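Work through the exercises below with the sequence and the model at hand. Each task is followed by a solution in steps.

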Amino acid sequence: MDNVLASINTVMDYDGFCRVAKDLDWIDVNVQHEDWYHTYSHHYPLGICLDLFTFPVEYIQNHLPEAYVRAVLSGMAIYEEWDADFWDIPKSQRIDCLTQGRRLYESYAIPREVRLILRDWQYLTGEMGFFADSNKVPAVKQREILDRFNNAMVIEIGGDYSGDYQYLAVQEDLLMMVSCGIWD
């Protein structure tokens with residue numbers, strides 16, 4: 001597990017993220033976005049959003065930093081309402097985007113508080129359950145996601161402040177980014 005944390009740690013600073021992002025092969029990935037904060041009840045101030053990714057067979061196991069960077073960029077496309085393939089551009093344009101748009105890209109890529117803590121699946125399901133239940137997400141909807149990631153490897157990436165949490169969960173060829181916290 002230490003090698004997993006070391007692998008993710010390589011993209012937890014902006015220079016490391018950029019090294020991977022500029023050379024990233026833009027592979028076909030299935031993306032699903034779940035905004036449980038606004039979709040169900042918007043229970044101020046407790047928020048939760050999930051981004052789920054299905055990668056090609058064995059991609060995550062062989063390319064975890066690249067999978068993380070791909071997930072971050074795909075998440076940016078969702079939240080910024082950009083074209084899903086916005087990063088399928090020449091390397092020179094990628095470098096310009098990463099340089100000129102540093103403040104924007106860095107805000108998505110690197111949490112202000114990087115924590116990198118291995119968590120077990122039960123810990124994350126408890127966190128997700130708390131925020132999902134607070135927002136009145138139906139149990140059947142929660143189970144639909146949780147069952148796909150049963151016993152996933154979980155890393156608490158960090159957050160923007162102490163009441164904000166970002167998690168990475170990996171289950172074979174599935175990757176889930178969970179963002180939850182007190183959003184005010």
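**Exercise 1. Describe the lining of the largest pocket and the elements that supply it.**

Step 1. The lining of the largest pocket has 20 residues, and those nearest its centre are Tyr79, Tyr108, Asp160, Gln166 and Ser179. A pocket is found on a 1 Å grid over the protein atoms alone: it is an open set of points with protein on both sides within 12 Å along at least five of seven lines, and lining residues have an atom within 4 Å of a point.

Step 2. This is a predicted model, in which local features need pLDDT of at least 70 and side-chain atom pairs count only at pLDDT 80 or more, while totals for chains, interfaces and linings use all residues. Residues are numbered from 1 along each chain as its sequence is written, and side-chain values use heavy atoms, with hydrogens and water left out.

Step 3. The volume of the largest pocket is about 560 Å³, where grid points are joined across faces, edges and corners and the volume is the space filled by probe spheres set on the points.

Step 4. At least two lining residues come from each of β2, α5 (64–80), α7 (102–109), β5 and β6. Helix α5 gives the largest share, six residues. Helices (H or I, at least four residues) and strands (E, at least two) are DSSP runs numbered from the N terminus.

Step 5. Sorted by class, the lining holds twelve nonpolar, four polar and four charged residues. Here Ala, Val, Leu, Ile, Met, Phe, Trp, Tyr, Cys and Pro are nonpolar, Asp, Glu, Lys and Arg are charged, and the others, Gly among them, are polar.

**Exercise 2. Characterise Ser74, Arg112, Glu81 and Lys136 by location and accessibility.**

Step 1. Ser74 belongs to helix α5 and is buried, at a relative accessible area of 5%. Setting aside neighbours within four places in sequence, Ser74 has contacts (heavy atoms within 4.5 Å) with Trp26, Val31 and Phe53.

Step 2. Arg112 sits in the loop between α7 and β3 (113–119) and is exposed, with a relative accessible area of 69%. Its C-alpha is 7.6 Å from that of Gly158, although the two are 46 residues apart in sequence. Residues up to four places away aside, Arg112 touches Gly159 and Asp160, and Asp160 is one of the residues nearest the centre of the largest pocket.

Step 3. Glu81 is in the loop between α5 and α6 (91–100). Its phi is positive, about 60°, although Glu81 is not a glycine; at 72% relative accessibility it counts as exposed.

Step 4. Lys136 is in the loop between α8 (121–134) and α9 (139–148). Phi of Lys136 is near 60°, and the residue is exposed, with a relative accessible area of 58%.

**Exercise 3. Summarise the chain as a whole.**

Step 1. Nine helices and six strands make up the count for the protein chain. Its radius of gyration is 16 Å, close to the 16 Å that the globule rule gives for 184 residues, so the chain is as compact as a globular protein of that length. The radius is taken over C-alpha atoms, and the rule is 2.2 Å times the number of residues to the power 0.38.

Step 2. Of the 184 residues, 51% are buried.

Notes
On a 1 Å grid over the protein atoms alone, a cavity is a set of points where a 1.4 Å probe fits but cannot get out, and a pocket is an open set with protein on both sides within 12 Å along at least five of seven lines; lining residues have an atom within 4 Å of a point. Buried means under 20% relative accessible area, exposed over 50%, partly exposed in between (1.4 Å probe, protein chains only).
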